[in-house]
Amino acid sequence: VEAVHLIADGKAPRIPQPKEGATYEGIQKKENAEISWDQPAAALHNWIRGHDKVPGAWTTINGQAVTFYGSSLLDASVPAGQELTIEGASRPGLVTKNGLVIFGNDGKMVLVRNLQFEDGKMIPASKYFSADETTALELTEEEKKIAEDIR
């Protein structure tokens, strides 16, 4: 109560905080969020989740920086999937119907749900190998006429 009254009266002491021992590290930078592959699955998961959404934990796949989002530990048998070589990883990842399965140095697995490429495009990790497939838009005759009128 006494402290509140001192503040209300404008008589509370003002002691500047010393700079020594301050722990503020500033905003995490993208270059510091690269994934180190020589660690157990739990550490990989914590690293990815700890950098989710900003700045995003990343690694290099096919010469391109790819950011991982939405990881979870996977405690099951190794799922079926298409192998994906990840630079620095001791074992290739697996693109499965549920996402990208990566392996820690302890052989345990982490499931990553979303990937973001350098150009900003984000895809579900399960669609990694089908990301480049595009479907041509086919217009009906009526839609073609409307499109021509708009032009």
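This report walks through a predicted model, from its annotated domain to its strands, cores and aromatic rings.

## Ground rules

The model is predicted, so local features need pLDDT of at least 70 and side-chain atom pairs count only at pLDDT 80 or more, while totals for chains, interfaces and linings use all residues. Residues are numbered from 1 along each chain as its sequence is written, and side-chain values use heavy atoms, with hydrogens and water left out.

## The annotated domain

An unreviewed UniProt entry carries the annotation "domain: Formyl transferase C-terminal" for residues 29-130. UniProt positions follow the numbering used here, feature names are shortened, and annotations may be inferred rather than shown by experiment. This span is 10% helix and 38% strand, and its end C-alpha atoms lie 31 Å apart. Helices (H or I, at least four residues) and strands (E, at least two) are DSSP runs, numbered from the N terminus.

Gln28 sits in the loop between α1 (2-8) and α2. With a relative accessible area of 37%, Gln28 is partly exposed; buried means under 20%, exposed over 50%, and partly exposed in between (1.4 Å probe, protein chains only). Not counting residues up to four places away in sequence, Gln28 touches His51 and Pro55, where contact means heavy atoms within 4.5 Å. Gln28 and His51 are 23 residues apart in sequence, yet their C-alpha atoms are 8.5 Å apart in space.

## The nonpolar cores

A nonpolar core is a set of buried Ala, Val, Leu, Ile, Met, Phe, Trp, Tyr and Cys residues joined through side-chain atoms within 4.5 Å. The largest one has 21 residues, and Phe68, Leu100, Ile102, Val112 and Leu115 touch the most other members. Elements giving two or more residues to this core are α2 (41-50), β1, β2 (64-74), β5 (99-103) and β6 (109-116). Apart from it lies another core, of 5 residues, among them Leu94, Phe103, Met109 and Leu111.

Leu115 has contacts beyond four places in sequence that include Val66, Phe68, Leu100, Ile123 and Tyr128. Over in strand β1 (residues 57-61) we find Thr60, which is buried at a relative accessible area of 16%. Leaving aside neighbours within four places in sequence, Thr60 is in contact with Ala65, Ile86 and Glu87.

## Strand β5 and its partners

Strand β5 is mostly covered, with 5 of its 5 residues buried. Strands pair if DSSP finds at least two bridges between them. On one side, β5 runs antiparallel to β4 (residues 93-96), joined by 3 bridges; a hairpin of 2 residues links β4 to β5, and Thr96 has Gly99 as its bridge partner.

β5 also runs antiparallel to β6, through 4 bridges, with Phe103 opposite Met109. The hairpin of β5 and β6 has 5 residues between the strands, and there Gly107 takes a positive phi near 85°.

## Aromatic rings

The whole structure holds 3 aromatic pairs. Rings of Phe, Tyr and Trp (its six-membered ring) pair if their centres lie within 6.5 Å; planes under 30 degrees apart count as stacked, over 60 as edge-to-face and the rest as tilted. Phe117 and Tyr128 form a tilted pair, with centres 6.1 Å apart and planes at 35°. Both Phe117 and Tyr128 are buried. Tyr128 and Phe129 make an edge-to-face pair, with centres 5.1 Å apart and planes at 90°. Phe129, at 36% relative accessibility, is partly exposed. Ring pairs link Phe117, Tyr128 and Phe129 into a cluster.
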